[in-house]
Amino acid sequence: VQLQASGGGLVQAGGSLSLSCTASGKIFSIGVMGWYRQAPGKQRELVASVATGGIITSADYAKGRLTISRDNAKNAVYLQMSKLKPEDTAVYYCNAESVWEPDSMFREYWGQGTLVTVSS
């Protein structure tokens, strides 16, 4: 199973950017898909996650600006980011938890990370 993220880049403060991530491989289902970020010198932190049934968990700083969505049929998760701030600059990682695979095991996977830079 691999997670492929795309959509990072450079944007001015106040602008918008969209991230996409698709899981590929032999997958029966994915329990939770989400986005994390890691700024220079800081720990990786949760941005938002969405469970199969649609329950969303978001960091306080994300609410109203960073919106997560998911397409279960495509094993994909998206992050629509608006009103971006310089402090949103980070490497964004997609994550898939409880990935149910043909060997009856549940595993967790991470994408390679995509850099988002917000200039002031």
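This is a predicted model: local features need pLDDT of at least 70, side-chain atom pairs count only at pLDDT 80 or more; totals for chains, interfaces and linings use all residues.
Visitor: Why is the pair Cys21 and Cys94 called a disulfide?

Guide: A disulfide is a pair of cysteine sulfur atoms within 2.5 Å, and the S to S distance between Cys21 and Cys94 is 2.1 Å, so the pair meets that cut-off. The structure holds one disulfide.

Visitor: What parts of the chain does the pair tie together?

Guide: Cys21 belongs to strand E3, residues 17-24, while Cys94 belongs to strand E9, residues 90-100, so the link ties together parts that are 73 residues apart in sequence.

Visitor: What makes the disulfide right-handed?

Guide: The torsion about the S-S bond of Cys21 and Cys94 is about 50°, and the disulfide is therefore right-handed.

Visitor: How do you know whether Cys21 and Cys94 are buried or exposed?

Guide: Buried means under 20% relative accessible area; Cys21 has a value of 1% and Cys94 a value of 0%, so both cysteines are buried.

Visitor: Which residues does Ser119 touch, not counting residues up to four places away in sequence?

Guide: Ser119 touches Leu10, Val11, Gln12 and Ala13 when residues up to four places away in sequence are not counted. As for Leu84, 35 residues from Ser119 along the chain, the C-alpha atoms of these two residues are separated by 9.2 Å.

Note on methods: Residues are numbered from 1 along each chain as its sequence is written. Side-chain values use heavy atoms; hydrogens and water are left out. Helices (H or I, at least four residues) and strands (E, at least two) are DSSP runs, numbered from the N terminus. Buried means under 20% relative accessible area, exposed over 50%, partly exposed in between (1.4 Å probe, protein chains only). Contact means heavy atoms within 4.5 Å.
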